[in-house]
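Hello,

Here is the structure you asked about. Have a look at it first, and my notes follow below.

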Amino acid sequence: MVDEKKLQDKARETLSRDDVRRLIGWKRSTYGYEAAPAVLTDASEADQLIFDPTCVQNPASFISLEEKKPVPRGQEPDTRKIAVMVKGCDSRAIVQQLVEKAYNRDDVVVLGIPCIGVIDRRKAEKLFGETGKQVKAKVDKEKVAVDIGGDVKTVDRKDILMDKCLRCRYPNPLVSDFLLGDEVEKWADDDFADVDEFEKMTPEEKWKHWDEQLSKCIRCYSCKSVCPMCYCVECVVTQQKPQWTRRSTDISENAAYHLQRAWHLAGRCIECMECQRVCPVDIPIMELNRKMTREVKEMFDYEPGVDAEAEPLLASYNPQDPEDYIM
Amino acid sequence: MVDSLRPKIGVYICHCGINIGSVVDVPAVVEYASKLPGVAVSREYTYMCSDPGQNLVKEDIEKEGLNRVIVASCSPRMHEPTFRKTLKDAGLNPYYLEMANIREQCSWVHEDHAEATEKAKKLVEAAVAKALLLEALEEKEVDVIPSCLVIGAGIAGIQAALDIADAGFKVYVVEKTPSVGGHMAQLDKTFPTLDCSACILTPKMVDVANHPNIELMTYSQLEEISGYVGNFKAKIRKKARYVDFDRCTGCGVCAENCRLAGRIPNEFDELIGNRGAIYLPFPQAVPAKYTIDPERCLQLSKGKCGKEGPACVAACGPGCIDFEQQDEIVEIECGTVIVATGYDVFPMEKKPEYGWAENDNVLTGLEFERLVSASGPTGGKPILGRDKKGEGGYEPKKVAFIHCVGSRDKSVGNEYCSRVCCMYLAKQAHLIRDKLPDAEITVFYMDVRAFGKGFEEFYDRVRREGVRYVRGNPSEIFKKSADPEDHTLIVKVEDTLTGTPLEYESDLVVLGVGLEPRRDIREIIDLFKLSQSTDGFFLEAHPKLRPVDTASDGVFLAGCCQGPKDIPDTVAQAKGAASSALILMAYGKVKVEAQVSVVNPDECRGCGFCVEVCPFTAIELVDENRMGNIVQVAKVNEALCKGCGSCAAACLSGAIQPKSFKDEQILPQIAVLGVKP
Amino acid sequence: MSEEFEPNIVAFLCNWCSYAGADLAGTSRTHYLPNVKIIRVMCSGRVNPLFLVNALQQGADGVLISGCHPGDCHYLEGNFFARRRFMLMRKLLEHVGVDPARVNMSWVSASEGAKFKDVVDEVVTKVKEVGPMDQFRRRQINW
Amino acid sequence: MMDESNPYLPYIVKIEDAWYETPVGDRAVKTFKVSFVDEKVWDTWSHEPGNCAMVGRLGIGESMFCISSSPTEKGYLRFSIMKAGKVTSALHELEAGDTMTVRGPLGNSFPMAEWEGKNIVSIGGGIGQAPLRPVINYVRANKEKYGDLSVLYGARTSDLHCFKTEFDEFTKEGTACHLAIDVEEEDWPHFVGFVPDLLMKVAPEPANTIAVTCGPPILIKFVTQGLEKLGFTPDQIYTTLEERMKCGIGKCGRCNVGHLYVCKDGPVFSYATLKEIPEAFA
Amino acid sequence: MGDYKFAKDKLAEALSGLTDYEVFAPAAVGDVLRFKVVEDPASVSLDYDNTTVPPKELMFPQTETLFKYRLGQTDIEPTVPDASAKRAVVGIRPCDALAYTIVDNLYGWDFPDPYYQQRREATTLVGLACSDPCANCFCPSVGGAPASEKGLDALIFDLGDAYYVKTLTDKGEEFAKAAGLEAAGDAEAKAAAKQGEEALGKVQRSIDTAGIPEHLPELYDDKFWEQFSDRCLSCGICTFLCPTCHCFDIQDESEGFDSRRARMWDTCMFAEYTRHTSGHNPRPTRKERTRNRISHKYSYFPEKFDVIACVGCGRCINNCPVNIDIVDILEKSKQAGAKEAKTA
């Protein structure tokens, strides 16, 4: 496990650097099973930082969320680095952001954290109920110990961790400048059983499923807002000219929105699952991304967010690409 | 004239005689169109493309103040330029035209009149929906640098270079090998006229080297090319010859003294003759400057040559040998490029059943040319089996020529006909008849294609000279016995005219190998982003009407790099390519595509996906000041962009859009066509 | 009217091969079904896969994208990008229950007028079989 | 007045006349003179200088514009609209004879009654003259009720001056009229420089005077500073604000500056009010 | 008004009696609850905490047609709902009912909004008192209570084996009659009152709002906001799920020539919400937007209507993916301003 003291020391040291502007990590939230993202600018705040299985958010999202404020005439833009703490899964976002030239490698200081799993709030709420208390947690190879305001409950790891953790292939950060803990062994793998299971459905069943799920969508756009890959100046979804998607909420526009979102993430989604986690109406958004991930892997032998030198999937091709349905 | 932003659309439905009118209810379409938003005028006419038809449009533009025009008629591939010009003549930007294809894609393909009429209405409505959003585009011209880069100095490159240079323009000729001349210099005689190949080529080779407008770079290679039509920048690597180019007199003393003299197979002689490590590929080579083969030279490859050091250095009077010489990179600018990289002959490794690798008396056509060439290793005598000193050997008694080796042969992946083999084999048969009047000569053929000027007559003549033509495609060629003294080869073949299987005995087999694209064609493709046709040769812009052009503007093709052809065809094409390049340079300006992509720098996320997909390297990422912050955004080089729009489909934010085919122009079309009538 | 279902298909054809192929079908007076409505683009690589989603949303029952044969793209490689994109988009649509028969792609060269007819007829037949696309079609819900 | 039962329903108006104030193109200003298709609307219609209306085109949408005609101009309404976005571009396509929609009058107005007996200085820049025009015309029509009227106006070039022809009339009537352009032009007899500079040159007397100003935010900022320097107190200075609006009736939320809704509490504010609202200058 | 009761297993029966009403009740899709029209009374359960999407959508649907027209024509057909078409919302939580009373101020001032008001008038609100407030509820701090009667026509208490219904208005009485409820006695009323008291004591979170409306504007330029806005996603969860958030966008839409003007929920958390056509945005970053959201609820709205635009339902806290906790913000705001240096 990560020693929080060491983590805070490293953060303090990093924030003290002249060339670091801010640091993104996690801190204890005011309540509940998920930590809060911490965006710090001052070394004195470093003791807020934590890392435990409640640290589910992907801090890489907050790199692109920071607005570039207008620079007053005569001043230089602040080009100091952003330090960011990442788990293995989160680190793939950094890699993919580098592929997409969101920034240069030099613009970030990556503090990597080997991780063996984070808690799924929804699973925790099912197990222990909603809570207004602050929660801490510990995880080992078997169990997760959840401390709900002093009341410690222990549960099998597979019953409470995020699905992404149960198929985690990158427990260690793929990119980091400092590792805040010992590397851990990979303990899970991804066989896309979930996608297989989904595909057993007939087209009618599939649509029935999506009709029900997408009808719930309130188009709060939290899924695209939180996505570390979604940082267009203005998303096509909200553009007026041309207007791809109307603002009215009905199954047609909602479906179009979700297809657009899933399409734009094809070959780019690094499966941090943030989109699904944040959805207030529990739309299983990852089911779309997972399908794309699987197809991208199977058809094009491609995996986003693992190689910063890779060509973007849909901006490249292989003359031998499959074309089985093409007439 | 256009003092209003209000779209005023004129819709013109063409009857095309009865071509459209007999199937589509034109008045109904006119009526339908007149009610569409923005439509000010809706008319029909028998032939819109006729002068009165066009005048109708012009008058309406002037009188009604139309600012968009829809012509519903034949395919835009047919008359879009016509009507663009109509608009232009009437003072309206030509890109305010949209066509609805109601002939090729409606009246000619649908029988049911009602359905065809409904479809025509929809097509017109979609055109109107798009027209509402059309934009005026500017047709731009860029200056053309008055110089041409010719790649390859075979007969094609030489001819093209001379023509352009004679017209008064600067030419840079880049040749990979140490001498100009190419394959033609290797040939003995040319068919069907039997001119001495060297005799007619050498003067041109000398001209290329001496022409004041030509800068010749032999033993050089194109490394990089950037820019666009009219404004290319090229980087050329002049490989080190290790011989001072200016001081070398070409006397040849160095080569005589080379420790490896006569011990290295000479590429020019198709490896049947030898050279030294320092060499001139052939006596008439231009420039007549010696070159050291760095891979074979002992001094260069091993660091040591004999006890006394390299003999060439000692022998060279002017002291030209310089083992320290480095490659030199030359940068040039040019307005046009002619690619004349030629061909390679079919590699016999791909057809092992013909025993070429094992038997010295199985020769490719090109090897045979060297064998019978006066400047070749045997001084033109058809002698085989000489020893290393060039002594001994025998004259063949029974010579077999085989057609279509590596051509018209799916098993080796070459479906095409190489076009020259029939005649060069006839010529070679004639040469053997000439040199060995007693030899028995048999030609095995599939078909004899004697289509050129004087070809049939020549073929007749050769047959009359006692050359036997047997219709059959040999399946195998092998040595009759293991005896090293017995040179007899067995050619296993079926005479398909009589249906008899034959085992023809011969002591020289000449293979009519076909022509293939250069093995390293990929390098040129990558440099210029050219495409290949299915046969692997460079793809011309249009097989009929633009045979010397490529999809890359300003880059032209000459000679066999575009496909197999004989010398006169090659020269003709070279002249064609030269003239195409000259058109650009003589006019001095070139129009660039108006329907190019454009970037909205405020919406660009700088991911570079468009840069990656652009086949024309027309997009780059540049710094953009966004309220004091420096961000990277895409920028289109309008001279390079061809408007394909691949960038737009790759762009996530829709920040890059091809003009006339923007998302905002296509989506309304989808909206119209998607809705059921 | 209890007519048979007539599918509405929106096609995106590249200017150089498939649109020319469709023109050739016309010049050759090859008759085919009128259900396909063509939108001309310069290259199949131009076709944003989201056009498909939009077309299905607008009411198309099926879509067809057609370009030059691989290797023959007028713009060298646009169709290779298109191929990748539409392989993937088809899978995505399939995942939400859109029958893959609605998403069609073909390579039709300028000389393949006959093939264009075959493609059109096959696409229309296929889409006819799967019926109208009404899953996420825009309609006046709650208007 | 507006349909009491449903403030979202617009009136249909017919464009009587339409012309460009500035050269055609992006950011051009086009003036529309409109009248209600249903003439009965005039019976209940009344607006004050400063009032706004949502002007739109069915199928496109609507946007908030000030009514640039004074209530003293009878039988028509005028709107001067700069082409900028989707709605304004669609409106610019319209010509005399076409219809558009008007929903209003909305917002507050200049306290013309309160100002009676005072001198009025109008200081405008560019399209910012549109809300000032009704004030000027109202005062011109009620000369006896007000003190001196002076008009200061500028734009980047003389081409870009809105309501060009009207300034001559003012001068003829004896209204002090001071025009400016930013950059020197041939045959320009008036001031060259920015409007705030013009203001300092003209230097109106603050005693018993109300200054109304409108223009780009930067102009308002410097004009206000200039007026304070000249001795105007914040409650002698009035301006109008502009924010993105959708409903125009204080419901949709987006136009608030602090606790004030620009569409309802505004668009007319005294500088005394705005000074207390930091967001007003965001 | 009256006191009624009905056995728990008689819920479906009671609902079935409401033939004159369009009845809305919480319905689940997976774990997500939302008020929906009751199609099968037997499927309705009132055993729930609260809906994820607040019932504000019953008065102010996420997408709502204002009027219809044909492109190219000028006839406008308003689509104002009919106030006489009776609707009953059964099981609405007191906080959500309180929210209506707050939003009523805005929809009622100057230009009354007929769409909202007609629905409001048509609707009978039958509340369900909370016996176990959720973890992040703080309704007592903002004028509500687990058994608050404000805005309701009737209030149901879950007394274990039976429901006690207290009617509060004529509409409530009418509802009780239509549902065929039996009269309840003093015992039930007392039990309900007791339950209400107890529930009040179970509310875990609170904020003393005194002074906040006056104080927030002082923090306008303060760095205070950034500690929250720096992690804000700028998504619409907090506002879309807020029962008092009432902002909307208006858009014209066409299907062929059939067109409508419609309004749809909008949120001050989106950048484009206030962005001018020119590109200028008075609230360009998450800081300004976060400030506006909190200030609007706790300062601007009270300044105008004398009531805080928050009912303490806790939805924004529960659903915020980055733990932007309004109680926490308000608590911290009290200390802010004085000690922290202002930034220009």
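Two residues are in contact here if their C-beta atoms, placed from the backbone, lie within 7 Å. Before the findings, some housekeeping. This is a predicted model, in which local features need pLDDT of at least 70 and side-chain atom pairs count only at pLDDT 80 or more, while totals for chains, interfaces and linings use all residues. Residues are numbered from 1 along each chain as its sequence is written, and chains are lettered from A and ligands numbered from 1 in the order in which they are written.

Let me start with chain A. An automatic or database domain assignment gives the domain bounds, and chain A is divided into domain 1 (10–67 + 80–179) and domain 2 (193–315). Across the boundary, 20 residues of domain 1 of chain A are in contact with 19 residues of domain 2 of chain A. On the domain 1 side, α2 (61–65) and α3 (88–99) of chain A are the elements that give two or more residues; helices (H or I, at least four residues) and strands (E, at least two) are DSSP runs, numbered from the N terminus. α3(A) gives the most to that side, with nine residues.

Now for the chains together. Nine pairs of chains are in contact, and chains B and C share the most contacts. By comparison, no contact joins chain C and chain D, and their closest C-alpha atoms lie 15 Å apart. Between chains E and A, 37 residues of chain E are in contact with 34 residues of chain A. On the chain E side, β11(E) supplies the largest share, three residues. That side has 15 nonpolar, 12 polar and 10 charged residues, where Ala, Val, Leu, Ile, Met, Phe, Trp, Tyr, Cys and Pro count as nonpolar, Asp, Glu, Lys and Arg as charged, and the others, Gly among them, as polar.

Finally, a helix in chain C. Helix α4 (residues 113–130) of chain C has 18 residues and reaches 26 Å from its first C-alpha to its last, close to the 26 Å expected (1.5 Å times one less than its number of residues). Its buried residues (20 or more other C-beta atoms within 10 Å of their own) include C:Phe116, C:Val120 and C:Val124. The buried residues of α4(C) pack against β1 (9–14), α1 (18–27), β2 (36–41), β3 (62–67) and β4 (103–107) of chain C. Just after α4(C), C:Gly131 has a positive phi of about 85 degrees.

Best wishes

Key:
A residue is buried if 20 or more other C-beta atoms lie within 10 Å of its own, exposed if 12 or fewer, and partly exposed in between; C-beta atoms are placed from the backbone.
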